[in-house]
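Let's take a walk through this two-part complex together, going from its overall layout down to single residues. Have the viewer open and follow along.

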Amino acid sequence: MTTVTPYRSTVSGARDGFGALLLAEWTKLRSVPRWGLALLAAIVLTIGPALLSAANSSGGGGGGGGKPPPGPADIQDLGYFVNRPLADNGTVIARIAAQDKARSGLMARASLERGSPYAAVLLVGDRVRFQSGYGDTDVAGAQGHRWVKLARSGTSLTGFSSADGRTWQKIGSVKVPGQTIAGPVVAVPENVKVERQFGGESISSTPTQGTASFDHVAMTPQPPTPWRNTDRTTDPAGSGGPGAPGGAGPPEGPGGVPTPPNTAVWNGGTLTVTGTGDIGPYGFADDRTRMVLTGVLLGLAAVVAVAALFVTAEYRRGMIRTTLTAAPRRVRVLLAKATVLAAVTFAVGLVASFGAFLLADLMISSRPGPQLPPVTDGPVLRALVGTAALLAVAAVFALAFATIVRRSAAAITVVLMSLLLPYIVATGLPLSVARWLERLTPAAGFAIQDTVRRYDTAISPWAGFAVLCAYAAVTLAVAAHLLRRRDA
Amino acid sequence: MEATIEIRGLRKRYGPTVAVDGLSFTVEPGRVTGFVGPNGSGKSTTMRMVLGLDRPDAGAALVDGRPYRELRTPLCRVGAMLDAGAVHPGRRARDHLLWLAHSNGLPRRRVGEVLELVGLAGAARRAAGGFSLGMRQRLGIAAALLGDPPVLMFDEPVNGLDPEGVTWIRGLLRSLAAEGRAVLVSSHLMGELEDSADHLVVIGRGRLIADTGVRDLLAAASGGRVELRTGRRREAMTALAHAGATVAATGPETVTVTGLPSERIIALLTEAGVAFSGISEHRASLEEAYMELTRDAAEYRAVSREVR
């Protein structure tokens, strides 16, 4: 054979790098029109149900036709409150002589407006607790104390307890701006029954009456106005309650026996209060933000399908060989695919979740009835951006699983089932089993959509999202390992 | 090592089936090497191992002296077309080449250049799903040429092409080799390679059967036979046998002579006064030569399953 001059490639500027792979995978994703349509469908499918539910939610949520309570839905405020203005540097003191199932003590708050900031020292069982705000935060105080005191200094309210009324022990303090009213309060949790069966659950609550008596009730300096009784039973759903204007009358006990009315009676130095209603978080409120985002379950199906096809379409036609010939470092190919898919589905998710929320808000706000919280609320933003992140992580999960099984149908089915299983079977399971499903399966990721802590909240938003991320990460690691090892 | 494919003791087994069994050969630059064997003889498997897609159980397949997986911008080193159908049907031809170009950081203009080169410029904006098999072959070849690589591998490129396409691809293969590239072309039909290959690697059952130049192979298969046409068969046979040739009658007026060059035969017959109407050196076709070589391997066809 004669000597040949070997050929040299005339193409210059060739480079390898992760950026080149990202560009390649992005080109792949955008150049199949059907995938683009599916992602568009994901947006429509997410927004559609939000608009439908917004259109159907007319007339507000209650038979009483009363105006819904203003402020957040997931709080209850308040019980039976006997109050008068508390001056700066003033104190209010009381001894709890007796109480039944109620929690009683002293409360100070800015106003009677629902959800306004407050501080309360309450006897709960045998222990005094300092409670403020509407979350799960309260501070435990001493055991066995019966004396309680609230002291105001500027905007600061401090709670004390004492065994004898002489030596006071500080429990906690909180800032409450503006004017302050203070006095004895009685709060009783509602009696709530939850029944679950396939197809749904029913929650029924009946107000419970509680009684407590106080003595040594004193406010210094003594204000000019007398004690005023505020009986506004908690009523987050907006339906009639015993104390609500236009309410359906006195509450009825089991068996339809009317319960006696709420009262506050002074007898010498002793105040006996019988009341209903509670203050604090309300675990049975509707999570309206999450309800608006229900459509993401449908959008998710489209996103998972595209994510799986993004790799299985290559296996089906042998194109994976072209891909791996062009980029022999296989793990980088998988990571480039995952990155592109995550970025695109995150963007799609943002459009879908904000679109669903803002359009539903537009429809709902034009009518009276329960409104959506403002979009700028922290939990709402977390839910909306989190929904987009949820789609992105679910897409990576589907991509990784599809790389392992290399079959579209199997990948889409398994991933969707794992994400939706708790929703399909949960209502037929006991609450505790359902909760564990919602904690341990990839479906835990939906917790990021929660804006309200409810009785059935299985896992906190970030922890739930972390569970889904862990599934995606482990699956991606297995996929990378197999992709490296297997023949293409 | 420059612009070569080196196969050294390559072995690959899929479950109970040995697809490639101790194969060794080299693809040199500047010529078209035909890679021939019956279906399922291990051609595609070998090519996949060259591209680092399948891992050999033993041996090595090297490109430029290195395993494929170590190449950094592989499209500029090796161009390969394994399966013309390996295109997403929803993607336009141009986009298919564009993502490939991006993956190796090749300039965008290469896409237009290779489309022009394979005659698909007019179909660049059409989805690949609507392409005929011949158009897909051209698209696959365009993809292989994207990085203008010195080494090229085509698996059955002639499959499904119309006669015009076959002529085109033969010309293309020859011109690529003439530029100094190493070109490996597989086929299960030797005839397809007759006009394009310079060198042949013949395998059967995953083993090397022949690694030889096309001319040498033909000469060996022809075996120096001369076909003689004459009305006086008997006299001719006597005269030639007398001179030491092996003579066989192959028809009423035809005789095959072995062991004497044609000039000597003419001289002998003229001397003996035997008239003849024609004399020709027998030239075996590549197909015949191949059939001879793979006679053993051919038995395999009846029992073999197609190995991917």
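**Domains, interface and details**

The C-alpha centres of domain 1 and domain 2 of chain B lie 41 Å apart. Those domains cover residues 5-77 + 149-219 + 287-303 for domain 1 and 224-281 for domain 2, with bounds that come from an automatic or database domain assignment. Chain A is likewise divided, into domain 1 (18-57 + 287-485) and domain 2 (75-281), and here the C-alpha centres are 44 Å apart.

Before going further, a word on what you are looking at. This is a predicted model, in which local features need pLDDT of at least 70 and side-chain atom pairs count only at pLDDT 80 or more, while totals for chains, interfaces and linings use all residues. Residues are numbered from 1 along each chain as its sequence is written, and chains are lettered from A and ligands numbered from 1 in the order in which they are written.

How confident is the predictor? For the complex, it gives an ipTM of 0.83 and a pTM of 0.78. Chain B has an average pLDDT of 87, and 94% of its residues score at least 70; pLDDT is the predictor's confidence in each residue, from 0 to 100. Take some care with residues 299-308 of chain B, where pLDDT stays under 50. For that stretch the model has 14 contacts beyond four places in sequence, two residues being in contact if their C-beta atoms, placed from the backbone, lie within 7 Å.

Now look at where the chains meet: 36 residues of chain A are in contact with 47 residues of chain B. On the chain A side, the elements giving two or more residues are α1 (18-30), α2 (33-56), α4 (296-317) and α5 (319-326). Such elements are DSSP runs numbered from the N terminus, helices being H or I with at least four residues and strands E with at least two. By class, this side of chain A has 19 nonpolar, nine polar and eight charged residues. In this scheme Ala, Val, Leu, Ile, Met, Phe, Trp, Tyr, Cys and Pro count as nonpolar, Asp, Glu, Lys and Arg as charged, and the others, Gly among them, as polar.

Helix α4 of chain A also packs on helix α7 (residues 378-405) of chain A, at an angle of about 35 degrees and with the axes 8 Å apart. Axes are lines fitted to C-alpha atoms, for helices over the stretch in contact, and angles run from 0 to 180 degrees between N-to-C directions. Among the residues making this contact are A:Leu300, A:Val304 and A:Ala308 of α4(A), and A:Leu391, A:Ala395 and A:Leu399 of α7(A). The contact has 14 nonpolar, four polar and no charged residues.

Moving to the sheets of chain A, seven strands form an open antiparallel sheet in the order β7-β6-β5-β4-β11-β2-β15. Strands β7 (138-143) and β15 (228-231) stand at the edges with a single partner each, so one side of each has no neighbour in the sheet. The twist from one strand to the next averages 20 degrees. Inside the sheet, β2 (residues 80-85) and β11 (residues 181-187) run antiparallel and are joined by four bridges; strands pair if DSSP finds at least two bridges between them. A:Tyr80 has A:Val186 as its bridge partner in β11(A).

Elsewhere in chain A, strand β14 (residues 210-220) pairs antiparallel with β3 (residues 91-99) over seven bridges, and five bridges join β14(A) to the antiparallel β17 (residues 270-275). The loop between β14 and β15 of chain A holds A:Pro221, and the peptide bond from A:Thr220 to A:Pro221 is cis, with omega near -10 degrees.

Finally, return to chain B, where four strands form an open antiparallel sheet in the order β12-β13-β11-β14. Helix α7 (residues 233-242) of chain B lies across β11 (225-229), β12 and β13, running at about 165 degrees to β12(B). Helix α8 (residues 262-272) of chain B lies across β11, β13 and β14, at about 160 degrees to β14(B).
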